[in-house]
Amino acid sequence: MIKKKFLILIPARSGSSKLKNKNIKLINKRPLLYYTCKFAKKLKGKNSTVIGCTDSKKISKLFNKFDIQTPFLRPKKISKKFSLDIEFVNYSLKFFANKKTFF
């Protein structure tokens, strides 16, 4: 069993309704997601894990490009417009619990 202090989740679903593909839109020649990943890496300590939580393979590749792991793709049923954040948080915690990692 592994115990860690923090799990830092970066949510980025593909189905933005007001601004299509907002997470991959370029701002100053970089995708919006870049800035979130950069900030999350500053927060990461020895006793924490940072992951990207997405339902998109394209966004997952971007996370990986910015050295953020995406150990799973979020199911579509918890990636809808009115899905609650607690759903992907619980899903992520269960994923790690199955791997004997607890936060």
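Buried means under 20% relative accessible area, exposed over 50%, and partly exposed in between (1.4 Å probe, protein chains only). The model is predicted, so local features need pLDDT of at least 70 and side-chain atom pairs count only at pLDDT 80 or more, while totals for chains, interfaces and linings use all residues. Residues are numbered from 1 along each chain as its sequence is written, and side-chain values use heavy atoms, with hydrogens and water left out.

View 1. Strand E5 covers residues 48-53; strands (E, at least two residues) and helices (H or I, at least four) are DSSP runs, numbered from the N terminus. Which residues of E5 point one way, and which the other? Ser 48, Val 50 and Gly 52 point one way, Thr 49, Ile 51 and Cys 53 point the other way, and all are buried. Because six of its six residues are buried, E5 is largely enclosed by the rest of the structure. Strand E2 (residues 6-11) runs parallel to E5 and is joined to it by six bridges; two strands pair if DSSP finds at least two bridges between them. Pro 11 has Cys 53 of E5 as its bridge partner.

**View 2. The two faces of helix H2.** Helix H2 spans residues 57-65, and Ile 59, Ser 60, Leu 62 and Phe 63 in it are buried. Seen down the axis of H2, the buried residues fall within an arc of 160°, so they line one face of the helix. The arc is that of the directions from the helix axis to the C-beta atoms. An α-helix has 3.6 residues a turn, so residues three or four places apart point the same way. The face turned away from the buried side of H2 carries the exposed residues Lys 57, Lys 58, Lys 61 and Lys 65. The cover over the buried residues includes E2, strand E4 (30-31), helix H1 (32-43) and E5.

**View 3. The ends of H2.** Ser 56 caps the N-terminal end of H2, with a side-chain oxygen 3.2 Å from the backbone nitrogen of Lys 58. After H2 comes Asp 67, whose phi is positive, near 60°.

**View 4. The salt bridge.** How many salt bridges does a search of the whole structure find? The search finds one, where a salt bridge is a side-chain nitrogen of Lys or Arg within 4 Å of a carboxyl oxygen of Asp or Glu. In this salt bridge the side chains of Asp 55 and Lys 76 meet at 3.3 Å, N to O. The pair links distant parts of the chain, 21 residues apart: Asp 55 is in the loop between E5 and H2, and Lys 76 is in the loop between H2 and helix H3 (85-98). Asp 55 is buried, with a relative accessible area of 8%, whereas Lys 76 counts as exposed at 53% relative accessibility.

**View 5. Thr 101 in strand E6.** Thr 101 belongs to strand E6 (residues 101-102). Is Thr 101 buried or exposed? Thr 101 is buried, because its relative accessible area is 11%. Apart from neighbours within four places in sequence, Thr 101 is in contact (heavy atoms within 4.5 Å) with Ile 2 and Phe 96.

How values were computed: Polar contact = N/O pair within 3.5 Å; in protein donor to acceptor, adjacent residues only side chain to side chain.
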